[in-house]
Amino acid sequence: MTGTTATARARAPRAGRRGDQRREGTWGWLFVSPMVLVLGLFLVLPILMALWVSLLNWDGQSNPFSGEADFVGLDNYRTLFTQDGLDRTLFATALRNNAYYVLLTVPLQTGLALGLALIVNQKLLRARGALRTTFFFPSVTSSIAVSTVFLFLFQGSGAVNSLLSWIGVKGPNWFADPRGVLSLILGGLGIVDPERPSGTLADHSFMGLSWFEWLSGPSIAMCTIILLAVWTTSGTFMLIFLAALQDIPRELEESAALEGVNRRQLLRYVTLPALRPVLFLVLTLGLISTWQVFDQVYVMGQGAPGNTTLTPAFLSYSAGFDNADFGQGSAIAFVLLALILCLTAFQRWALRERGARKGRKR
């Protein structure tokens with residue numbers, strides 16, 4: 001009898017805790033329900049609608065759910081990947097341009113942001129607040145306004161070419177030069193002829209572009225957009241790195257100083273390992289934003305010259321609103337979404353925490 005009573009008393013608090021947890025869960029869902037409703041109505045539902053539109057041949061003039069639009073299944077996706085034609089060539093060109101944009105912008109903006117954060121984190125540095133504001137200011141400026149300013153700076157007779165002329169360098173016509181930087185370098189070294197490429201690079205192709213076109217590198221016009229992106233985004237990432245640097249325990253740096261490590265060793269073995277989660281965040285944000293670049297391309301050329309600044313985001317917009325082919329525009333958007341998710345997953349795997357290696361058995 002005593003054992004039964006003790007068991008009942010032990011179960012009573014557990015049942016009470018379960019009831020409290022249920023009530024807390026109910027109140028939690030009640031408080032977040034407005035935001036869940038808003039996200040579902042204005043985010044999830046439009047995504048599902050766009051997914052349906054990607055399976056249609058729809059010009060935007062009718063109700064896509066009324067049966068008036070032609071259901072074509074995966075034809076919009078096949079046009080982008082398997083069917084020869086202008087659509088696949090433009091899509092491949094946009095992927096090539098954006099790939100070079102990502103490969104150059106993400107490392108440059110991350111490295112510059114980390115360097116600036118290390119500089120303004122120095123306690124003995126004077127006017128640290130003014131420097132932080134100066135470095136961060138381009139990030140809060142309208143991208144449209146900054147793009148317009150860059151258009152004037154990088155004109156053929158703009159300020160940049162005027163400065164280059166002072167040191168005896170004739171600057172290019174930046175936004176009208178479609179030549180690839182890598183092809184110019186290889187041509188300067190005498191390895192290939194950029195005007196008339198021959199051999200394997202010219203004879204083989206992928207998705208409508210020759211290997212030489214894939215490997216020619218970003219155009220000079222695209223390099224200008226890359227400079228703009230690095231300049232306007234490094235300030236935001238600098239603040240993220242700065243917050244993480246100030247969160248590193250001082251004991252780690254003091255212990256390293258007692259061990260006699262120099263600044264380079266401190267950065268490599270103490271600072272960077274402590275910044276691994278923040279580094280993953282910065283790289284992920286940079287990867288997503290660079291694959292979605294649109295506003296700078298829209299203002300600074302809309303794909304010109306020669307489609308060398310064309311990106312998938314702008315191509316999706318152009319297909320829908322310029323060519324009235326919303327089905328293909330939606331298909332491009334979902335291909336871009338899948339690409340971003342895959343690259344983010346790979347980046348997460350590459351930057352994962354690796355356990356200590358087990359010693360070899362002798």
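**Helix H4.** I looked up helix H4, residues 128-140, in this predicted model. H4 has 13 residues and reaches 19 Å from its first C-alpha to its last, close to the 18 Å expected. The expected span is 1.5 Å times one less than the number of residues. Helices are DSSP runs of H or I with at least four residues, numbered from the N terminus. I then found a bend of about 25° at threonine 134, with proline 138 following within four residues. The bend is the angle between axes fitted to the seven residues ending at a residue and the seven starting there.

**Ground rules.** I noted that residues are numbered from 1 along each chain as its sequence is written, and that side-chain values use heavy atoms, without hydrogens and water. Local features need pLDDT of at least 70 and side-chain atom pairs pLDDT 80 or more, while totals for chains, interfaces and linings use all residues.

**H15 and H16.** The axes of H15 (residues 312-322) and H16 (residues 326-350) come within 7 Å and cross at roughly 165°. Axes are lines fitted to C-alpha atoms over the stretch in contact, and angles run from 0 to 180 degrees between N-to-C directions. H15 is therefore roughly antiparallel to H16, a term for angles over 145 degrees. Contact means heavy atoms within 4.5 Å. Among the residues in contact, I listed Leu315 and Phe321 of H15 and Ile332 and Leu336 of H16. By class, the contact has nine nonpolar, four polar and no charged residues. Ala, Val, Leu, Ile, Met, Phe, Trp, Tyr, Cys and Pro count as nonpolar, Asp, Glu, Lys and Arg as charged, and the others, Gly among them, as polar.

**H10 and H13.** The axes of H10 (residues 220-246) and H13 (residues 276-291) come within 10 Å and cross at roughly 170°, so H10 is roughly antiparallel to H13. Phe237, Ile240, Phe241 and Ala244 of H10 meet residues of H13 including Val278 and Leu285.

**Loop between H14 and H15.** Proline 305 lies in this loop, and the peptide bond to proline 305 from alanine 304 is cis, with omega near 0°. Asparagine 307 is also in the loop and has a positive phi of about 60°, although it is not a glycine.

Key: Helix = DSSP H or I, 4+ residues; strand = E, 2+ residues; numbered from the N terminus. Parallel < 35°, antiparallel > 145°, perpendicular 65-115°, else oblique.
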